[in-house]
Amino acid sequence: KLLTDTLKASSYQQYLVDLQVIYHALEKGIREQMTQHSELRKIYFPQLERNAAIQEDLNSTSMKGLPIHASNVALNYAAHLSQLAQTYPILLAAHAYVRYLGDLSGGMILKKHVSKKWPDAVHFYDFSTLLKQTDRPSINAFKELYKAQLDRLTVDLITRAELIHEVFLAFEHAENMLNAISL
């Protein structure tokens, strides 16, 4: 519905609230664990963080309304991310890969559609600071840099297999989240 401009404000607001819970857990986990797990530093770009941008969107005039709470699906996903941060932090890289590169890939298209209805609620899709501060001319150039950083992770074969498994879980969580709200 997002691409057909028939999305309701309440559904988009729910989507943002759910994303905020997920990004909070992901970003907090990476920031807190990269000191002890240096491999996470390779994929950490503070300009990628989306939590503050989502909050700006939720505070926009367009999104003011009834208080909305995160869905159980989003809370379960966030709990999974928090558990990974405590037990197997490198696996957060799989979720960062899916979330950030997915948002970078579809962000410009979605921003175009969202801005038609809620022009003050598109901060989530704004990656201009990221491009300037990483000296990348385009989203595609940054995505290539990020993929190269992921490829540079020094992990054993077991961890590599676990990362691949987590990528599939990340896609599953994302799909479940979208299905849980009436997009």
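I looked up helix 3 and helix 7 and found them roughly antiparallel to each other. The angle behind this is roughly 155°, and angles over 145 degrees count as roughly antiparallel. The two axes come within 9 Å. I noted the crossing of helix 3 and helix 7 as left-handed. The model is predicted, so I take these as computed values.

I then listed the residues where this pair meets. From helix 3 they are Val73, Tyr77, His80 and Leu84. From helix 7 they are Glu166, Leu169, Ala170, His173, Asn176, Met177 and Ala180.

Next I took helix 1 and helix 4. Their axes cross at roughly 145° and come within 12 Å. This crossing of helix 1 and helix 4 is left-handed. Helix 1 brings Tyr12, Tyr15, Leu19, Ile22, Tyr23, Leu26, Glu27, Gly29 and Ile30 to the contact. They meet Leu92, His95, Ala96, Arg99, Tyr100, Asp103 and Val114 in helix 4.

I went on to the largest nonpolar core, which has 58 residues. The members that touch the most other members are Tyr12, Leu26, Ile43, Leu48, Leu104, Phe142 and Tyr146. I checked which elements give two or more residues to this core: helix 1 (9–33), helix 2 (51–59), helix 3 (72–87), helix 4 (92–117), helix 5 (128–133), helix 6 (139–151) and helix 7 (157–180).

I picked Tyr146 from that list for its contacts. Not counting residues up to four places away in sequence, Tyr146 touches Ile43, Phe45, Leu48, Ala96, Tyr97, Tyr100 and Leu101. Of these, Ile43 and Leu48 also stand among the core members that touch the most others.

I turned to the loop between helix 1 and helix 2, where Glu39 is found. Is Glu39 buried or exposed? Glu39 counts as buried because its relative accessibility is 17%, and the cut-off is under 20%. I found a polar contact of 2.9 Å between the side chains of Glu39 and Lys42. Leaving out residues up to four places away in sequence, Glu39 touches Ile90, Arg152, Leu153 and Thr154.

Gln47 lies in the loop between helix 1 and helix 2 as well. I read a relative accessibility of 18% for Gln47, so Gln47 counts as buried. What does Gln47 contact, leaving aside its neighbours within four places in sequence? I listed Thr129, Leu130, Gln133 and Thr134.

Notes: Residues are numbered from 1 along each chain as its sequence is written. This is a predicted model: local features need pLDDT of at least 70, side-chain atom pairs count only at pLDDT 80 or more; totals for chains, interfaces and linings use all residues. Side-chain values use heavy atoms; hydrogens and water are left out. A nonpolar core is a set of buried Ala, Val, Leu, Ile, Met, Phe, Trp, Tyr and Cys residues joined through side-chain atoms within 4.5 Å. Buried means under 20% relative accessible area, exposed over 50%, partly exposed in between (1.4 Å probe, protein chains only). Helices (H or I, at least four residues) and strands (E, at least two) are DSSP runs, numbered from the N terminus. Contact means heavy atoms within 4.5 Å. A polar contact is a pair of N or O atoms within 3.5 Å; within protein, one must be able to donate a hydrogen and the other to accept it, and residues adjacent in sequence count only if both atoms are side-chain atoms. Axes are lines fitted to C-alpha atoms, for helices over the stretch in contact, and angles run from 0 to 180 degrees between N-to-C directions. Angles under 35 degrees count as roughly parallel, over 145 as roughly antiparallel, 65 to 115 as roughly perpendicular and the rest as oblique. A crossing is left-handed if the near helix is turned anticlockwise from the far one by less than a right angle, and right-handed if clockwise.
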